[in-house]
Amino acid sequence: MNSPRPRQTPYHRDGDLAEVIDLPANELAGDQASWLGRIQELDSLAGKIALVTGAGAPDGIGYAIATRLRLLGAAVAVVSTTKRIHERAGEIDAVGFVADLTDEAEVGGLADAVVEAVGEVDIVVNNAGLTSKTDPAVVKPVAQLSYTDWQTELARNLDTSFLVSRAFVQGMAERGWGRIVNVAAAVGVVNAVPAEAAYAAAKAGVTGLTKAMATEVVADGVTVNAIAPGLIRTGSSTVPELQRGLDGPLGRPGTPEEVAAAAAFFCAPSASYVTGQTLVVDGGAGIKA
């Protein structure tokens with residue numbers, strides 16, 4: 001019989017919480033409550049400050065992510081283009097801001113305001129860009145797509161991630177710790193649908209931005225990753241979208257909370273060895289035969 005492997009010594013590097021825990025099963029069984037607390041500590045965001053964009057809808061992905069990060073202990077700032085963000089902020093004890101994230105000057109003003117009100121940002125989740133009932137996507141075949149339409153979709157879905165990331169990534173690198181999570185989409189990354197070429201191009205661009213930025217700060221304690229949601233049931237979901245979700249491998253659309261779980265993973269201190277990756281959250285639709 002092989003003897004149990006020896007306990008390995010946890011290590012810390014550059015102040016980051018990076019631990020190696022390698023214990024025989026019988027040692028873990030002795031104090032399950034203690035080890036549960038340790039796992040929670042490894043994933044805790046206590047003392048971190050997070051900014052989540054596009055969090056104005058109560059049934060949207062951004063709000064679900066902000067709620068999850070708040071429950072994990074982070075101080076949270078949320079932003080959207082309308083004053084309803086203050087309602088969402090009040091519901092989760094966050095701080096709300098209104099800004100047009102396609103406007104370079106407004107993003108600069110937002111960065112200053114967030115730091116002044118909450119502190120230096122450790123985590124950025126770029127969710128802004130997903131459409132809503134009041135701000136629908138441009139749905140036209142390429143032959144009918146005007147250059148203005150094209151620019152509108154790229155500005156909303158790609159420029160926002162670039163501008164917000166640029167505003168905070170240098171500070172994270174200088175402090176030696178940070179997490180950036182970009183919300184892309186299965187459309188453009190895994191698949192495509194007719195009449196959404198601009199949206200698909202923008203979301204594919206988000207994954208390219210993610211990989212490039214990850215290489216720039218990989219030695220600075222900052223990770224940059226992306227999530228690519230498939231069909232998620234939100235308040236802006238259309239009937240055809242929901243039907244496609246029902247036709248998927250799991251027989252239902254996803255939920256904002258399921259996307260939030262993926263974001264929380266990337267934000268966790270224990271995910272420090274994962275960067276430049278895109279996690280598809282589509283219920284297996286991308287691998288359906």
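**Close-up views of a predicted model**

**View 1. Seven strands, in the order β3-β2-β1-β4-β5-β6-β7, make up an open sheet with parallel pairing.** Strands (E, at least two residues) and helices (H or I, at least four) are DSSP runs numbered from the N terminus, and two strands pair if DSSP finds at least two bridges between them. At the edges stand β3 (95-98) and β7 (278-281), each with a single partner strand, so one side of each has no neighbour in the sheet. From one strand to the next, the twist averages 15°. This is a predicted model, in which local features need pLDDT of at least 70, side-chain atom pairs count only at pLDDT 80 or more, and totals for chains, interfaces and linings use all residues. Residues are numbered from 1 along each chain as its sequence is written, and side-chain values use heavy atoms, with hydrogens and water left out.

**View 2. Strands β1 (residues 49-53) and β4 (residues 123-126) run parallel and are joined by three bridges.** Leu51 has Val124 of β4 as its bridge partner.

**View 3. Helix α3 (residues 61-71) packs on the sheet.** It touches β1, β2 (75-80), β4, β5 (178-183) and β6 (222-229); contact means heavy atoms within 4.5 Å. The direction of α3 makes about 170° with that of β1 (angles run from 0 to 180 degrees between N-to-C directions, and axes are lines fitted to C-alpha atoms, for helices over the stretch in contact).

**View 4. Helix α10 (residues 256-267) lies across β4, β5, β6 and β7.** Helix α10 runs at about 165° to β6.
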